Amino acid sequence: MTHPPIERPGPAPLWRRTAACLAATLIAVAIAVFGFAEGAGAHAGVVLTLHGDGRGSVWVTAVWQDGHPVTEPIGMTMLATSAAGQRVGPAPLKRNGDAVTYSGTLAPGDWTVVADMGTPAIGRCEGVLHVAAADATPMPDSKTCSPPPAPSSAAPAPSGSSSSPVWIWPVAGVLLLGGAALWWVRRR
């Protein structure tokens, strides 16, 4: 008794394999870009603390309002004005461990220091730091600045709000690109 040969399907057409690879790639990219992103808004604002060692060194520490450390790159500048009118800055502050530091030192006297953060969140801290004379005992200073209160809306949003869920735009873009790619592959 002989058995009929087993028919095995041939390889999938090239357009199907290309479309499947393209779809899998688009889905993986969409998940990587949009699925795991946690914006700065998730932390509800940044709390800055301005520090001075009393000898002219200035640094700022930043934590999210919910207590988590700010681990993202920080873009921050400092402007200092002495009681005598001398100005330093705006000068960039550089990351140094858990703090961002001013690379120079301030001269003896009382300084009004303003630190402005631009990334990863908007923050501002202003305080007066005292820098002791060379023969005096330095007294460290610090000033903690909370984030500004959230702006209140003047009128309540209407019940039929026209806002859309944020996730719909990336999904629509991926579907549109996938459909265009599939059309292009099938056309060939």
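Pro-90 has its place in strand S4, and a cis peptide bond joins Gly-89 to this proline, with omega at about 10°. Welcome to a predicted model, where local features need pLDDT of at least 70, side-chain atom pairs count only at pLDDT 80 or more, and totals for chains, interfaces and linings use all residues. Residues are numbered from 1 along each chain as its sequence is written, and side-chain values use heavy atoms, with hydrogens and water left out. Helices (H or I, at least four residues) and strands (E, at least two) are DSSP runs numbered from the N terminus.

**Overall layout**

- The chain holds 2 helices and 9 strands, and along the sequence they follow the pattern α-β-β-β-β-β-β-β-β-β-α.
- Of the 188 residues in the chain, 26% are buried; buried means under 20% relative accessible area, exposed means over 50%, and partly exposed lies in between (1.4 Å probe, protein chains only).
- Among contacts (heavy atoms within 4.5 Å) between residues at least 6 apart in sequence, 54% join residues at least 24 apart.

**The nonpolar core**

- The largest nonpolar core has 27 residues, and Met-76, Leu-106 and Val-113 have the most contacts inside it.
- Strands S1 (46-52), S2 (58-64), S3 (75-82), S4 (87-92), S7 (109-119) and S8 (123-131) are the elements that give two or more residues to this core.
- A nonpolar core here is a set of buried Ala, Val, Leu, Ile, Met, Phe, Trp, Tyr and Cys residues joined through side-chain atoms within 4.5 Å.
- In soluble globular proteins, nonpolar side chains tend to be buried together.
- Val-113 is found in strand S7 and counts as buried because its relative accessibility is 0%.
- Leaving aside neighbours within four places in sequence, the contacts of Val-113 include Leu-50, Met-78, Leu-106 and Leu-129.
- The C-alpha atoms of Val-113 and Cys-125 are separated by 8.1 Å, with the two residues 12 apart along the chain.

- Leu-50 sits in strand S1, and at 0% relative accessibility Leu-50 counts as buried.
- Although 77 residues separate Leu-50 and Gly-127 along the chain, their C-alpha atoms are 7.2 Å apart.
- Not counting residues up to four places away in sequence, Leu-50 touches several residues, among them Val-60, Val-113, Cys-125, Gly-127 and Asp-141.
- His-51 also lies in strand S1, and His-51 is buried with a relative accessible area of 16%.
- The side chain of His-51 makes a polar contact with the side chain of Thr-61 at 3.1 Å.
- A polar contact is a pair of N or O atoms within 3.5 Å; within protein, one must be able to donate a hydrogen and the other to accept it, and residues adjacent in sequence count only if both atoms are side-chain atoms.
- Beyond residues up to four places away in sequence, His-51 touches residues including Ser-57, Leu-129 and Ser-142.

**Strand S3: Ser-82**

- Ser-82 lies in strand S3 and is buried, with a relative accessible area of 12%.
- Asp-110 and Trp-111 are the residues that Ser-82 touches, not counting those up to four places away in sequence.

- Thr-119 and Pro-120 are joined by a cis peptide bond with omega at about 0°, and Pro-120 is found in the loop between S7 and S8.
- Most residues other than glycine have a negative phi, and most peptide bonds are trans.

**Salt bridge**

- A search of the whole structure finds 1 salt bridge, in which the side chains of Asp-116 and Arg-124 meet at 2.9 Å, N to O.
- A salt bridge is a side-chain nitrogen of Lys or Arg within 4 Å of a carboxyl oxygen of Asp or Glu.
- Asp-116 is partly exposed at 29% relative accessibility, and Arg-124 is partly exposed with a relative accessible area of 49%.

**Surface patch**

- Trp-167, Ile-168, Trp-169, Val-171 and Leu-175 form a nonpolar patch on the surface, with about 580 Å² of accessible area together.
- Patches are made of residues with over 30% relative accessible area and no salt bridge: like charges are joined within 9 Å, and nonpolar side chains (Val, Leu, Ile, Met, Phe, Trp, Tyr) within 5 Å.
- Val-171 lies in helix H2 (residues 168-187) and is partly exposed, with a relative accessible area of 38%.

Methods: Accessible areas come from the Shrake-Rupley method with a 1.4 Å probe; for residues, only the protein chains shown count as cover.
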